[in-house]
Every structure is written in C-alpha cells, then in structure tokens.
Amino acid sequence: MGNTTQNDLELDPELMGAAKPVHSDPSIEIKNLHLSFGSVEVLKDLNLEIDKGEFLVLLGSSGCGKSTLLNCIAGLLDVTDGQIFIGGRNVTWEEPSDRGIGMVFQSYALYPQMSVEGNLSFGLKNARIPKAEIATRVARAAKTLQIEPLLKRKPAALSGGQRQRVAIGRALVRDVDVFLFDEPLSNLDAKLRADLRVEIKQLHQTLENTMIYVTHDQIEAMTLADRIAIMKGGKILQLASPNEIYSRPANKYVAEFIGSPTMNFFQGELSDGAFSCAAGRFSTEGYEFANASAGGSAWFGIRPEHIQCGDEAASQPNQLESRVQLVEPLGSDTLARVGVGENQIWVRLDGQAGLKPGDPLTIGFSATLANIFDSTTEERL
Amino acid sequence: MTDLSTTLTGPRGPKPRKRLSPANIMLYSTLFVAAVYYLLPLYVMVVTSLKGMPEIRLGNVFALPVEITFEPWVKAWSEACTGINCEGLSRGFWNSVRIMVPSVIISIVIASVNGYALANWKFKGSEVFFTILIFGAFIPYQVMIYPIVILLRETGDLIAAATGTNFRLMGTLGGLVIVHSIFGMPILTLLFRNYFASVPEELFKAARVDGAGFWSIYFKVMLPMSLPIFVVAIILQVTGIWNDFLFGVIYTKPEIYPMTVQLNNIVNSVQGVKEYNVNMAATLLTGLVPLVIYFVSGKLFVRGIAAGAVKG
C-alpha cells in the first residue's frame, strides 16, 4: 500500500479536466477492511481514502473484489473486519439507506411494476419526505437527465440508455454526497456507452460530488477517473491518476492490464545500465530507476505506441530488425504484430502505413518511455 | 430493379413445408389416439349422466341419450343419500369450499413470505432450514397420519383447557385447514424461493439502498412482479386440496366431509339400485371445480408469464 499517497503530487489538472481533489477533507475512508466468505478471503486489509468531489474508478478483471468493495461501501455486505467512514461518520454498522449514498447497478435494477416517476420517488417515499419536496426533486432530476417525457412510462417501455438514465436519476434524487456506480455501462452497446460516459463525466463536473465507479473497461477508467485503483485478488495494486498508471505502472500486472494492445515484454538481464535479452542489448539511458542499484533478472516493457518504425526508428537509441506477421488496420491507426527472433511484438503505426505480412520492418524505441520490472517480484525497478 | 423473378433460378424465399409428410402423419395420428383415449371415458360419463335408468339398462354405453334428462344432475346435487343424510353433494361442495379457501390463502401467504426470506434474506442456518423443509416434501403422507391425529387432538385439548372452552382441532374444519396448510408448505416454499431467487439480486439491493425494509420490499417490489408464480401456486393448491380424499376422511367427521369423501359415499353405497346416471353426474360435479380453475387461471397464467417476460 506504499504507493497510495506519493502519486497525488503528479496529478495534472489539465489532463484530468475535472474538479481537483481537496486533500484535507476525505469523503470516504476505508480502514483495514477485511471481507471473507467462509474461508475465502475476498478483501484483504484494504485501506483507501477518497477525497471530496473525487471521481475514483475501481478497475480490475472479474473476481478481483472491486464490486465486493463497492457493496461493502454501500452497506449491502457485512464486513468481516475494519471500518468504513463516509463524510467523517463511521457507517460500518449503518443500513445502506442511512449512509448517504446513491447506487447505480449494471442491470439498471428498475422496479418493473412502477413508472419512471415511481422508481425515482420510491426511496424518497420510504424516507417519508413530504410530497411537494419529492415532486421538486423528481422534476429536477428528470430535467438534469432529460427524461421528463418518460416519467409516466414503465421501465419495460424504455430503451437501455433511457433505463440507465432513470437508474442514475434514482441516485440523483436522493441528494447524497456519494454516488456508487457498479459497472453501469456494461449492458449498453458501444455507441451508447460512449455517449453515457460523457454524460456521467458531465454530471460529475456539474454536481461535484464524490463518485466511485466500478468497471473492467480501461477506456471508461482512463476517461472518467481522477484516480484509478487497480485491484487484484482483493488488494489495490496501484492507486494513482490515469496518466501515472499508464506511464509509470507500479508492477507488471498493472502494466499488462492497462493499454490495448497490451505492453510488449522482453525477459532478460539488467546490468551496467543496459538490458540484455535474446533480441539484443538495449540501452536504459533516460529510464528513471526507482532504485539506483537495480540489477539482475528483469522484464523490459515497451508500449506498442512508443515503438517507432522505419526512418524514425533510426533516431532511437535501441533498434531491432523484425518481420511483419499480422496487420490490423483500424483506420486511425494500424496495429502490426512483428516477429523479433522468438518474440512477438505489437507496434502501433500510422493509419496509412500500408504494411503487408512478410515485410521487413526496422523498429526503434527509447528507454525513456519503457518500464522495467523485477522478474521475481514483478515490481517496478 | 428490373423483374427479378426472371433472373433468379433455384431455391428462393421461404423453404416450402410439406403438410402430409410421414413424420406429420405419425405425429397427428398419435395425438389423435391419445386424445380419444382420454376423451372416451369423459364422453361415456357425460352421455350416461343425461340418460334415464331404463335407457341405461339397455346397455348401449356409447349411444347418445334418446331422451335427455337433467334429473340425475339435480338428484346428485341435492337429493342423493349418504347413510341417513339425503342432501346430495351440495353439502359436501360447501364443506370443500370452506376447507379449500382458507387453506389456499394461509398456505400461499406463509409460503411466499418463507420463499422470499429464504431467497433474499439469508440468515445463519437458512440453508439447513430450507433443506429440512424440502425433505418434508419427500416423506409419504401415510407415515404422518397417526402422529397428526394425536397432535391435533392434544393441541385442541390444550387450547380448550387453557381457554376453558369446548375447543377442538381433531374432527373440525380448522384442524383440516391446518393440516392442508402445513402439507402445502414444502412444495410451495420451494416454488416461491426459486422464483424470488430468479429475480435479479440487484433489484433487491437497489430497494435496500432506497431504504425499503423486509415488508416494504416484499409488498412493493417483489409482490407486484410475482403474479405468475402466485397463479401457479393457486392452481396447485386448489386442485390438490379439492381432490384430497385421505385427509378429509381422516381428520373430519360426517357432517363436514369434503365433496370427494361424500362422492365416494354416494357412489360406493351398496344398498338399493346402482344409479349409474346419478353417480356419473356426481363425479362430474366434483371434478368441475379443478376443471374450471384450469380453464380460468390457465389464461391468467399465460398472461402472467407474458407480463413477466418483459420485466425491466
């Protein structure tokens, strides 16, 4: 957990485009959280601090405990040990409805027999809020989300995007400081997902409340988050800004998880400022080692978009001769898989690259943008 | 866009289907035989119930009635004798209604709450509780007949002693209602639990975030979307309880015998002439209630399923 605090300094507000976290006033604090189902430990001694107005994304592959963590924060699961604070209040034993949270689910979870209006007002009625107040809040939420014409309809008569809007509205009317999203866009098609993603970001900028967003989609994580927490096996591997996670992954798992196509790796030996492997000897000049005396068996990772080809490769400190094996034209870019000896490497080229399988290709890269990980611990060197 | 029909040759459009293929002939003839097999006895019953005794004595079982008479139906309903009582089946009908209605309501209300709690509010030992309940569905009724006799008698006596009244459970409608409700519990709880377990868990979570409690979620979220399973439960219970003979004959007494027991007493009485037409009419009358339930709620059932299929 040593990497949870040092990264905040490098947050670039220009890149984030969203409200800057205020560090003095944590909205949510999770202290030494444990959760086990029987003998299976799902969350292990998890600590997390989320600032007021921050957009935090919990990212990880399925089964990493991200949804479980969200359910714990919501109070839908009893924790085995540890504490949860929301807005400075210890809510570890509180009911979900008393925690000051709103939640949006992947399957929308709208009450099928109630109209949209009924769905929005159900929580408020349970809280015995006066009718006039309910009407104002529902109207305001409907206006924000542009679902006013749908208020009288049943969920069955709505499209996927409209349903998810209503689900967000249900969290909105509760007038809470914390929003929890559990993979809210996973059931939508690609176009709608992109649209709603923008809307959620817009909503966050308008409301400026704390949002925790669970997803397995790295694009959503990168575009929405102020900070991303990458989880694996019930632990947070790295908690940092999207930019930091992309350019300085804390370990090999994070490096592989973020980026598509995934980072290229060479296994070899690190000694005397150079990395030698089957493909050749790479200079590590320009690489910022976390530990000056690093050496020994290591992984050398370089992203496909950081590999130069053809003439530009000549100006790079490290060069390799390769042969094109496979070409994937994407329009804006071209992805190519090239063979370097035993290794297969993905490179990202210009959309008009016009490569054919079998073509020879010179690739070049600099260690400045590379990532080097220890072979055994898989931690960044 | 010139005339395509002249340029396209070979198979085109939907594949033609043969109506009289060997497979279809086999299928329909099997269905026909099966239908006749089940309908013939019903036909004989209806026809016989509309004949007078002289016509029946001629022995033409399959012949249509020469002279249609509703006399046997009237007699079966209001005049047929069981022992010294000659009120016909009508008394048994109302007894059955008085047994069935509370049994169906009580068993379904309790089982639906049971199923909801077992599916959504897992408590320590809930799985064990459920397993025991389901195990109950596999124990033959006959094993429990005598223990229940004792239970009903003793419980009734206890309540009577406590309240100082003449209260009894054995041999009363109340006792039989309790027995029916309890015996419906395993299968109904299983039914409701599985249905509520199929409702997306997130819906339940959303309701909890919205501040709804145990009963609020049950009544406002779960109940409105479970019409189909309630119809299934009602069909099961109404037919099961209406058709019950064993419990009716054991746990009640002659004045409150259900319709099935009374039918048996009418049909199986050994004195005098066997009035086949009256027996047929009585049997049809007794079978009418489950039949009507199937026809009426069958439609509702389909509608309920269709409504459930498009849930948000």
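In chain A, A:Ser271 stands opposite A:Ala274 in S12(A), within a pairing of strand S11 (residues 264–271) and strand S12 (residues 274–277) that is antiparallel and comprises four bridges. Strands and helices here are DSSP runs numbered from the N terminus, with at least two residues (E) for a strand and at least four (H or I) for a helix, and two strands are said to pair if DSSP finds at least two bridges between them.

The model is predicted, so that local features need pLDDT of at least 70 and side-chain atom pairs count only at pLDDT 80 or more, while totals for chains, interfaces and linings use all residues. Residues are numbered from 1 along each chain as its sequence is written, and chains are lettered from A and ligands numbered from 1 in the order in which they are written.

**Chain A and its sheets**

The secondary structure of chain A comprises nine helices and 20 strands, and its C-alpha trace spans about 75 × 45 × 40 Å along the principal axes. Of its 381 residues, 45% count as buried, a residue being buried if 20 or more other C-beta atoms, placed from the backbone, lie within 10 Å of its own. Among the contacts of chain A with a separation of 6 or more, 67% are between residues 24 or more positions apart; a contact requires C-beta atoms, placed from the backbone, within 7 Å.

| Strand order (chain A) | Number of strands | Edge strands |
|---|---|---|
| S13-S12-S11-S14-S20 | five strands | S13 (280–283) and S20 (371–374) |
| S15-S19-S16-S17-S18 | five strands | S15 (308–309) and S18 (343–350) |

In the sheet S13-S12-S11-S14-S20 of chain A, the twist averages 40° from one strand to the next, with angles taken between N-to-C directions on a scale from 0 to 180 degrees and axes fitted as lines to C-alpha atoms, for helices over the stretch in contact. In the sheet S15-S19-S16-S17-S18 of chain A, S15 and S18 each have a single partner strand, so one side of each is left without a neighbour in the sheet. Eight bridges join S18(A) to the antiparallel strand S17 (residues 333–340) of chain A, and A:Arg337 has A:Trp346 in S18(A) as its bridge partner.

**Nonpolar cores**

A nonpolar core is a set of buried Ala, Val, Leu, Ile, Met, Phe, Trp, Tyr and Cys residues joined through C-beta atoms within 7 Å. The largest has 147 residues, of which A:Leu58, A:Leu180, A:Ala229, A:Ile230 and A:Phe300 touch the most other members, and H8(B) gives the most to this core, with 10 residues. Leaving aside neighbours within four places in sequence, A:Leu58 is in contact with A:Lys66, A:Leu69, A:Leu70, A:Ile212, A:Val214, A:Ala229 and A:Met231.

In chain B, the axes of helix H5 (residues 90–120) and helix H8 (residues 173–198) come within 6 Å and cross at roughly 35°.

The contact between the chains takes 22 residues from chain A and 17 residues from chain B. Strand S6 (101–104) and helix H3 (116–126) of chain A each supply at least two residues of the side of chain A that touches chain B, and H3(A) gives the most to that side, with three residues.

Methods: A residue is buried if 20 or more other C-beta atoms lie within 10 Å of its own, exposed if 12 or fewer, and partly exposed in between; C-beta atoms are placed from the backbone. Two residues are in contact if their C-beta atoms, placed from the backbone, lie within 7 Å.
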